[in-house]
Amino acid sequence: MSAKSTATRYGSVAIAIHWLSALLIVALFATGLLAAAQVDPAAKLALLRAHLPFGAGALLLTLLRIVWWLAIDRRPALPADQPGWQRAMAKVVHLLLYGIVLVTAASGIATVILSGALPAILGSATLPDLETVLPRAVHGLAARVLLVLLALHIGAAFYHQFIRKDRLLGRMGIGAA
Ligand code: HEM
C-alpha cells in the first residue's frame, strides 16, 4: 500500500492517522470521564497524568492530518451513486470533527493552565479545583458534542458497510476494498 491515497483507497499515512486518533479518543473519553467523576485527589491526578499526553497526541495528529490533506494528499472520491445530500453531510461532519477536536484539546490545555493545575500534574503540588475556570465547562461541552459527531460518523460508516454494502470500511484498511 502506498503512503498516499489513490482515487479509491486511503493511503497508509491517512489510515495510520485515522485509527491512531480513534484509539486516542477512546482513551481520552475513558480517562477524562473517570477523572471528572473521581473524588480521591490522588486517583484524579493519576488519571489526568494519562489524559494529558493522550490529548496532546490527539491534537498533534489532528494538526498533522490537516497539513497532510491540505498540502500532500487527496481524499479518495465518495461512491459515484451516493446522493448529493449524503456527500454534503459527510463533508460537514468531517470538518466539524476536526474543529471540535481542536476546540476540545485547546479548552483542556486552557483548563490546566488557567486553573494552576500544571505544577500538580508535573510534580507534587495539590490539585486545585478545576471547575472554577470557564474553559473547564467548554471542555465538558465540547467533548459531548464530539460524542454526537462520532455517533453520526460511525453510524454512516456502518450504513455504508452493512446497508449500502459498498465496502467503504475497506478503503480505511478494514477488510477488502
Ligand atoms: C480531543 C481531545 C480530548 C478529549 C476527547 C477529551 C475528553 C475529556 C472528557 C470526556 C472529559 C470529562 C469531561 C466531563 O465529564 O465534564 C475531560 C476532562 C478533562 N480533560 Fe480532556 N479531552 C481532550 C483533551 C485534553 C487536553 C489536551 C487536556 C489538557 C492538556 C485535557 C484536560 C482535561 C482536564 C483538566 C479535564 C478535567 C478533569 C476533571 O474535572 O477532573 N483534555 N476530557
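Figure 1. Lys165 counts as exposed because it has 8 C-beta neighbours inside 10 Å, and the cut-off for an exposed residue is 12 or fewer.

**Figure 2. Arg167 in the loop between H5 and H6.** Arg167 is found in the loop that joins H5 and H6. Its phi is near 55°, a positive value in a residue other than glycine. Is Arg167 exposed or partly exposed? Arg167 has 14 C-beta neighbours inside 10 Å and therefore counts as partly exposed.

Figure 3. Helix H5 covers residues 134–164. At 1.5 Å a residue, the 31 residues of H5 should span 45 Å, and the end C-alpha atoms of H5 are 44 Å apart, so the two values agree. The buried residues of this helix are Pro135, Arg136, His139, Ala142, Ala143, Leu146 and His160. These buried residues pack against H1, H3 and H6.

**Figure 4. The shell around the ligand.** The ligand has 27 residues around it, of which Gly32, Ala36, Gly55, Gly108 and Gly140 come nearest. At least two residues of the shell are supplied by each of helix H1 (12–37), H2, helix H3 (84–115) and helix H5 (134–164). Which helix provides the largest share of the shell? That share, eight residues, comes from H2. By residue class, the shell divides into 18 nonpolar, eight polar and one charged.

**Figure 5. Leu45 and its contacts.** Leu45 is placed in helix H2, which covers residues 41–72. With residues up to four places away in sequence left out, Leu45 touches Ala120, Ile121 and Leu127. Leu45 counts as partly exposed because it has 18 C-beta neighbours inside 10 Å, whereas a buried residue requires 20 or more. Met172 is 127 residues from Leu45 along the chain, and the C-alpha atoms of Leu45 and Met172 are separated by 36 Å.

**Figure 6. The whole chain as context for the close-up views.** The chain has six helices and zero strands. Read from the N terminus on, its elements run α-α-α-α-α-α. Along the principal axes, the C-alpha atoms fill a box of roughly 55 × 30 × 25 Å. Of the 177 residues, 19% count as buried. Among contacts in the chain with a separation of 6 or more, 60% are accounted for by residues 24 or more positions apart.

**Figure 7. Confidence of the prediction.** The chain averages a pLDDT of 94, and 99% of the residues score at least 70. Where in the chain is confidence lowest, and where is it highest? Confidence is lowest in helix H6 (residues 168–171), at a mean of 88, and highest in H1, at 98. Where pLDDT is low, the predicted coordinates should not be read in detail.

Definitions and conventions
Residues are numbered from 1 along each chain as its sequence is written. This is a predicted model: local features need pLDDT of at least 70, side-chain atom pairs count only at pLDDT 80 or more; totals for chains, interfaces and linings use all residues. Helices (H or I, at least four residues) and strands (E, at least two) are DSSP runs, numbered from the N terminus. Two residues are in contact if their C-beta atoms, placed from the backbone, lie within 7 Å. A residue is near a molecule or strand if its C-beta atom, placed from the backbone, lies within 6 Å of it. Ala, Val, Leu, Ile, Met, Phe, Trp, Tyr, Cys and Pro count as nonpolar, Asp, Glu, Lys and Arg as charged, and the others, Gly among them, as polar. pLDDT is the predictor's confidence in each residue, from 0 to 100. The expected span of a helix is 1.5 Å times one less than its number of residues.
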